[in-house]
Amino acid sequence: MACQPRCVTRAAVSRAGPWKTDNERSNMSYIIGIDTGGTFTDGFVASDDGRLAAAKSPSTPPDFSQGFLNVLDDLAAELGIATRQLLEQTNYIIHGTTSTLNAVVTGNVAKVGFITTRGHADSISMMNLEGRYAGLGPDEIQNISRTNKPAPLVPRHLIEEINERVDYKGAVVAPFDEAGTRAAIGRLIAQGVESIAVSLLWSFRNPAHELRVRELVREVAPELYVAVSHEVSPRIREYARSSTTIINTQVGPKLAAYLRPLEAELRGRGFGGSLLVMQGSGGCVQAADAPRHAVSTLGSVLTGGIVGCTQLAEALGHRNIISTDMGGTTFLVGLVLDGQPVTTTTTVLHQHQINTPMVDVHTIGAGGGAIASIDGGGNLRVGPRSAGARPGPACYGEGGTEPTVTDADLILGIINPDNFLGGRKKLSRELAAEAIRTKIAEPLGLTVEQSAAAIYAIQNAQTADLIRKVVVNSGFDPRDFAIYSYGGAGPVHAASYSADIGASEVIVPLGATAAVFSAYGLASSDIVLTAEASDPANWPVPAAEVNAVFAKLEAEVRERLRAQNLEFAQVQMHREVEMRYTMQMAEVTTPVPQGELDDEAVREVGCRFEALYERLYGKGSGFADAGLQAITYRVRAVGALPIRANLPQAEAAQGEPQPSGSRQVFLDVQHGWQQARVYDYRTLKAGARIQGPSVVEAPTTTVAIPQGCSGTVDRLGNLVLRYTD
């Protein structure tokens, strides 16, 4: 794969101890995190002796693997070694990829055939009556006349029903029709399907019929991708289990088609370690195993930053974090509570329910490349459309003509046109002004500067609204959290959206992880595997039965851990059960202690559920007289990888920080245009304190510090923002 010309941003190498000789370097081991976003691809590398380096390069759609390889070259250059030497000494690369998410969003998925129990072909069209409202906001749901069900995941002519039936106990009540199944498979293959999804009724209680379908498919078409529901989503509720299996089958071949040539290219360049793929659950899995569980990677590119937050928060002593990531395309929000990312067991994608554990990340199209436009009612809107990496904002000078948030930030003086991406890319204020003038200012009767200020204000308001929604809807007060702001565009807006929600402080990671924070999170990740099984029963269940279920699930994840062919520093098992009050439709995930449980411990799990229920829905909201039910048991195994990216201590400041200059800047609507001091982050040391109005320019981002706000550099080089009045 030939390298393409590109603009690269590099961060200085950090290291603990002296430089190594060539011989000493040859004995080093590295870990690498690579995060492929819609606009930029970020890389982070750490060695076992504490050397760190980071690089940032434009993503390369549609072939995102080229951006991946470009960043590897840049990381090697930062370390002062050849790419082959870096790859030969790398233990593992952890990759956050947009491959599966992009495939679903764009509809570029495999052509899937669906096999199900006779009489149930329409379940994926009926969608459990959720199709018109799943994933929509309250305003959209209330306007029912304007809601629509999404198109079926599989067209009717690609669905085959077969004769078989297993009951809720797992007993076979109608025998498997082998001849009819062979004929059904033949009809699907004749229509050119690229993969087949199999979801039979109650298969998670007895998978024999699903396994036989897969055997028959492989007899006819050994290379055809096949997914069976009892492996992809062994949970009760037919529609969600089927939709999860189908989406897994749609993206599995695409993920394999992306990873296999990428891994082959890496091997050809000398890589002998493991290529790992990030999952939406916050852990990673071997690339060879990832296509089988492709649906678990849908949130891959969204979770690296959350993992990075947990690692940095542990070093800084923070327990409750609001993670905010503003890149070129999106603005992402997630929560860390008591040191652990908040996760969800289900998610909605294009109004379809998906059963897969994920870090609970919320997103809107409000990145630096979000396009400002005027709607049919004459109102100014920002996003969700994005200029992306190509052509990018108008100021990039690469053909973009629509105004974006980055164009507005440039007009307002916040971004230095000569310092974007560390000065390696020059921005055009003239092109930004022209885009805003023609598309926004003249239609609204405003000046270019007034229009830019309006874009800036809307961007800050809608990002604050998302944070407020995520935190408050989870039952918490934003003022009890610290905000972590990362991504290239995030620090430009962080002080404003944090003030809106009343957060106590903002941490801007500006040390070795600056603007590649998600890649740092990837490099800090562990292997995380999940096994689950639905076994509905009234609670308390006899302790022997509970122990048997968890023993089976733990054996399953231990076997999958062994199959990763990695050495782990330690392995931890986490157990939980989804419980509900009898006759309710939704469950609450409840932790279960480790070890052999007795009947008293089982009853205590029920008490935990009731306490969690009241915390979520309010005191007195529970109804113990209804009785409790256990629905799904789950085990999450965490295999800790041995090399950790330990962040270096920043050098202590000597005296007051000195600005490199000043300029007119618009930082908030209350104070308008002001003369602001400008600081070069590279000159700031630990303990340095800056008062607003100021701007801090780092090689990979810009931090806006409005009047009434101060910034202090902490011991790890992060800039901590706090409002003082």
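Student: How many aromatic pairs does the count come to, and how do I read one?

Tutor: Rings of Phe, Tyr and Trp (its six-membered ring) pair if their centres lie within 6.5 Å, with planes under 30 degrees apart counting as stacked, over 60 as edge-to-face and the rest as tilted. By this rule the count comes to 11 aromatic pairs. Phe44 and Tyr520 form one of them: their ring centres lie 5.4 Å apart and their planes stand at 75°, so the pair is edge-to-face. This pair links distant parts of the chain, since Phe44 sits in strand β3 (residues 40-47) and Tyr520 in helix α16 (residues 517-523), 476 residues apart. Keep in mind that this is a predicted model, in which local features need pLDDT of at least 70 and side-chain atom pairs count only at pLDDT 80 or more, while totals for chains, interfaces and linings use all residues. Residues are numbered from 1 along each chain as its sequence is written, and side-chain values use heavy atoms, with hydrogens and water left out.

Student: Are Phe44 and Tyr520 buried or exposed?

Tutor: Buried means under 20% relative accessible area, exposed over 50%, and partly exposed in between (1.4 Å probe, protein chains only). Both Phe44 and Tyr520 are buried. A further pair joins Phe550 and Tyr633, whose ring centres are 5.5 Å apart with planes at 85°, so this pair too is edge-to-face. Phe550 belongs to helix α17 (residues 543-563) and Tyr633 to strand β27 (residues 628-640), so the pair ties together parts that are 83 residues apart in sequence. Both Phe550 and Tyr633 are buried as well. Elsewhere, ring pairs join Tyr581, Phe609, Tyr613 and Tyr617 into a cluster.

Student: At what angle do helix α14 and helix α15 pack?

Tutor: Helices (H or I, at least four residues) and strands (E, at least two) are DSSP runs, numbered from the N terminus. Axes are lines fitted to C-alpha atoms, for helices over the stretch in contact, and angles run from 0 to 180 degrees between N-to-C directions. Helix α14 (residues 448-473) and helix α15 (residues 490-501) pack at about 55°, with their axes 9 Å apart. Angles under 35 degrees count as roughly parallel, over 145 as roughly antiparallel, 65 to 115 as roughly perpendicular and the rest as oblique. The helices α14 and α15 are therefore oblique to each other. Their contact (heavy atoms within 4.5 Å) includes Tyr456, Ala461 and Ile467 of α14, and Val492, Tyr497 and Ile501 of α15.

Student: How are α2 and α10 placed relative to each other?

Tutor: The axes of helix α2 (residues 64-79) and helix α10 (residues 238-268) come within 10 Å and cross at roughly 30°, and these helices are therefore roughly parallel to each other. On the α2 side the contact is made by Phe64, Ser65, Phe68, Leu69 and Leu72, which meet Tyr258, Leu262, Glu265 and Leu266 in α10. For comparison, take helix α7 (residues 178-190) and helix α8 (residues 208-220), whose axes come within 10 Å and cross at roughly 50°. That makes α7 oblique to α8. Among the residues that meet there are Ile185 and Ile189 in α7 and Leu216 and Val217 in α8.

Student: Which peptide bonds are cis, and which residues have a positive phi although they are not glycine?

Tutor: Most residues other than glycine have a negative phi, and most peptide bonds are trans. In this model a cis peptide bond joins Gly383 and Pro384, with omega about 0°, and Pro384 is found in strand β21 (residues 380-386). The bond from Trp539 to Pro540 is cis too, with omega near 10°, and Pro540 lies in the loop between β24 (527-539) and α17. As for phi, Trp202 has a positive value of about 60°; this residue is placed in the loop between β10 (195-199) and α8 and is partly exposed, with a relative accessible area of 23%. Asp338 has a positive phi of about 50°, lies in the loop between β15 (331-337) and β16 (340-341), and counts as exposed at 51% relative accessibility.

Student: What does His293 touch, and where does His293 lie?

Tutor: Not counting residues up to four places away in sequence, His293 touches Asn248 and Arg560. Its place is the loop between β13 (284-286) and α11 (300-316), and His293 is buried, with a relative accessible area of 18%.
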